[in-house]
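Please read the numbered points alongside the sequence and the model.

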Amino acid sequence: MTEDHTDITPPRDEGGPIPEAGWLGRVIDRVGIVFALGIIFAMLILIQEVVLRYFFNRPTIWAHETTVFLSGVAFVFGGLYCTARDSHIRVVLIYDQLGPKLRRAFDVVISVICGLAAAMFTWAAWIMVSRAAFTPQGDFRLERSGSAWDPVYPGAIKVFLMLILGIMTVQFVILAFNYARGRR
């Protein structure tokens, strides 16, 4: 005698974005490899710096700021990546006790609230970018670090943060819409 498993919800594939994340979640998931490679490049740069500094007494002026920048953009992107994969921290004490319909309602409300928060943070980031990327005369000039090497990393990461927050806002709108529709 065979068992009928048609009423069992299939387990979620832990290897990618949740279905409710839609097309944007799939794009975010694919782009994530770029930032993962950035962490590896940061590690290789640090290994090179250690060898140059302690074995050859020839340190570089760019290694520290570059690794901080690469790690920073990876962590900023990580928030968006976790949103698309629904792998953020959640208080499950109440959430896990809810039935499917109430859980879906919670998902909609949580997505709307997070989307509003992300939109406000995007606006705040724009205010920060307007100071870090434009001169008082309105010319585009990214803020620099002020070190001996003086890269544009501080201004670039502020622009990147604003863009990621904007994309995160859109991702939360897509999530709220798809949760409300009951789309899986």
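Predicted model: local features only at pLDDT ≥ 70, side-chain atom pairs only at ≥ 80, totals over all residues.

1. Tyr81 has a relative accessibility of 25% and counts as partly exposed, because the buried class requires a value under 20%.

2. The C-alpha atoms of Tyr81 and Asp29 are separated by 6.4 Å, although the two residues are 52 residues apart along the chain. When residues up to four places away in sequence are not counted, Tyr81 touches Ile28, Asp29 and Gly32.

3. Tyr81 also takes part in an aromatic cluster, whose other members are Phe35, Phe77 and Phe160. In total, the count of aromatic pairs comes to 7.

4. Which aromatic pair is stacked, at 4.4 Å centre to centre? The pair is that of Phe69 and Tyr153, with 10 degrees between the planes. That angle falls in the stacked class because planes under 30 degrees apart are counted there. Phe69 lies in helix α2 (residues 63–85) and Tyr153 in helix α5 (residues 153–181), so the pair ties together parts that are 84 residues apart in sequence. Phe69 has a relative accessible area of 19% and is buried.

5. A further point concerns the loop between α4 (100–132) and α5, where Ala133 is placed. Is Ala133 buried or exposed? With 1% relative accessibility, Ala133 counts as buried.

6. Leaving aside neighbours within four places in sequence, Ala133 is in contact with Asp139, Phe140, Arg141, Leu142 and Val159. The C-alpha atoms of Ala133 and Glu143 are separated by 6.0 Å, and these two residues are 10 residues apart along the chain.

7. The second largest pocket holds about 210 Å³ of space. Its lining consists of 14 residues, of which Asp86, His88, Ile110, Cys114 and Phe172 are the closest to the pocket centre. Helices α2, α4 and α5 are the elements that give two or more residues to this lining. By class, the lining of the second largest pocket is made up of 7 nonpolar, 4 polar and 3 charged residues.

Methods: Residues numbered from 1 in each chain as written. Heavy atoms only, no water. Phe/Tyr/Trp six-rings, centres within 6.5 Å; stacked < 30°, edge-to-face > 60°. Helix = DSSP H or I, 4+ residues; strand = E, 2+ residues; numbered from the N terminus. Buried < 20%, exposed > 50% of the residue type's maximum accessible area, 1.4 Å probe, protein only. Contact = heavy atoms within 4.5 Å. 1 Å grid on protein atoms, 1.4 Å probe; cavity = no way out; pocket = protein on both sides within 12 Å on 5 of 7 lines; lining within 4 Å. Points joined across faces, edges and corners; volume = space filled by probe spheres on them. Nonpolar A, V, L, I, M, F, W, Y, C, P; charged D, E, K, R; others polar.
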